[in-house]
Amino acid sequence: MREDQSSGTALGVTVIRAVHQLIDNIPHILEDPISLQLIDSALIEQILQNPERYRSQSMRALRSHVVLRSRYAEDSLFEAIQSGMRQFVSLGAGYDTFAYRQPVWAQTLKMVEVDHPATQSSKIDLLKQKGIKVPENVEFLSLDFEKENLELGLARTALDPTRPVFVACLGVLAYLHVETVRKMFRCIAKLPKLTRLVFTFAMNTMENQGQDDQSQTLSGRMAARGEPWLARFDLEDLKYELNRSGFSNVWFLDPSEAATKYYGGRDDLPAPRKVTMGQAIV
């Protein structure tokens with residue numbers, strides 16, 4: 001992406017979450033009413049008038065992935081809070097809305113949204129334009145992952161360096177160079193014991209071959225928009241990178257587990273067919 005331009009992909013994800021609120025079955029996988037406030041009323045009307053446009057196989061699969069990753073991260077954060085977690089960092093937060101629809105159980109958290117300066121600035125402007133208040137427990141950190149040191153950036157925030165942090169990195173790793181991903185892992189692994197990372201990733205093309213062509217279509221579309229996928233991993237290599245960086249425990253969300261937990265009885269959105277998200281604990 002251009003340094004002076006907000007990520008189009010980030011804003012597109014907000015539209016995807018809004019479509020989920022408007023046309024998919026209730027209960028939603030992700031309840032996100034704030035996403036509807038962030039997009040124009042004309043677009044909402046367009047979606048409602050032509051919902052079939054968003055019900056192709058590829059659109060439903062993409063929407064399923066987007067809402068599942070947020071739900072999975074938020075469920076994992078809730079679990080961590082029960083064990084005393086009080087700090088939350090969203091890396092590459094984009095136009096994520098969790099901080100602005102935070103449930104009661106999240107209001108004890110110190111939250112830090114980290115993102116590229118151009119995207120973060122555009123988000124803050126949009127929040128102001130839409131009259132959405134930034135909660136007092138939310139802090140912004142502008143940072144270019146490819147050029148700036150994440151460790152130094154986090155040190156500038158109000159995070160307590162002696163306490164563990166729950167870190168979400170959703171839809172981000174694929175857009176970074178592999179060495180940048182490694183540096184990010186090493187930085188997070190240096191945080192206090194019990195720090196937890198929940199992440200999504202792009203699977204290695206060869207490992208994914210034969211399952212479906214959804215990721216290939218999507219990666220081509222993103223490249224055409226100037227936001228190509230730069231880092232892909234197979235499961236063993238990714239686990240190795242995380243362990244080598246200092247994480248003691250790494251696991252992935254199995255598609256069958258996701259199907260049972262989040263898609264029972266649904267016929268509107270497909271359950272995942274491949275592994276695309278996981279967690280790691282320091």
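Q: What makes strand 3 and strand 6 the edge strands of the sheet?
A: The open sheet has seven strands in the order 3-2-1-4-5-7-6, with mixed pairing. Strand 3 (138–142) and strand 6 (249–252) each pair on one side only. Two strands pair if DSSP finds at least two bridges between them. The strands themselves are DSSP runs (E, at least two residues), as helices are (H or I, at least four), numbered from the N terminus. From one strand to the next the twist averages 15°.

Q: What is the origin of this model, and which atoms are used?
A: The model is predicted: local features need pLDDT of at least 70, side-chain atom pairs count only at pLDDT 80 or more, and totals for chains, interfaces and linings use all residues. Residues are numbered from 1 along each chain as its sequence is written, and side-chain values use heavy atoms, with hydrogens and water left out.

Q: How do you know that strand 2 and strand 3 pair?
A: Strand 2 (residues 110–115) and strand 3 share five bridges in the parallel sense, and the definition asks for at least two. Within strand 3, Glu-139 is the bridge partner of Val-112.

Q: Which strands does helix 4 touch as it packs on the sheet?
A: Helix 4 (residues 57–82) touches strand 1 (87–91), strand 4 (166–169), strand 5, strand 6 and strand 7 (277–281), where contact means heavy atoms within 4.5 Å. The direction of helix 4 makes about 25° with that of strand 7; angles run from 0 to 180 degrees between N-to-C directions, and axes are lines fitted to C-alpha atoms, for helices over the stretch in contact.

Q: Why is helix 1 called oblique to helix 3?
A: Helix 1 (residues 8–23) and helix 3 (residues 41–49) pack at about 50°, with axes 10 Å apart. That angle makes helix 1 oblique to helix 3, because angles under 35 degrees count as roughly parallel, over 145 as roughly antiparallel, 65 to 115 as roughly perpendicular and the rest as oblique.

Q: Which residues of helix 1 and helix 3 meet?
A: Val-15, Val-19, Leu-22 and Ile-23 of helix 1 meet Leu-43, Ile-44, Ile-47 and Leu-48 of helix 3.

Q: Why is Leu-194 called exposed?
A: Leu-194 has a relative accessible area of 59%, and exposed means over 50%, buried under 20% and partly exposed in between (1.4 Å probe, protein chains only). Leu-194 is therefore exposed. Leu-194 lies in the loop between helix 7 (178–189) and strand 5 (196–200).
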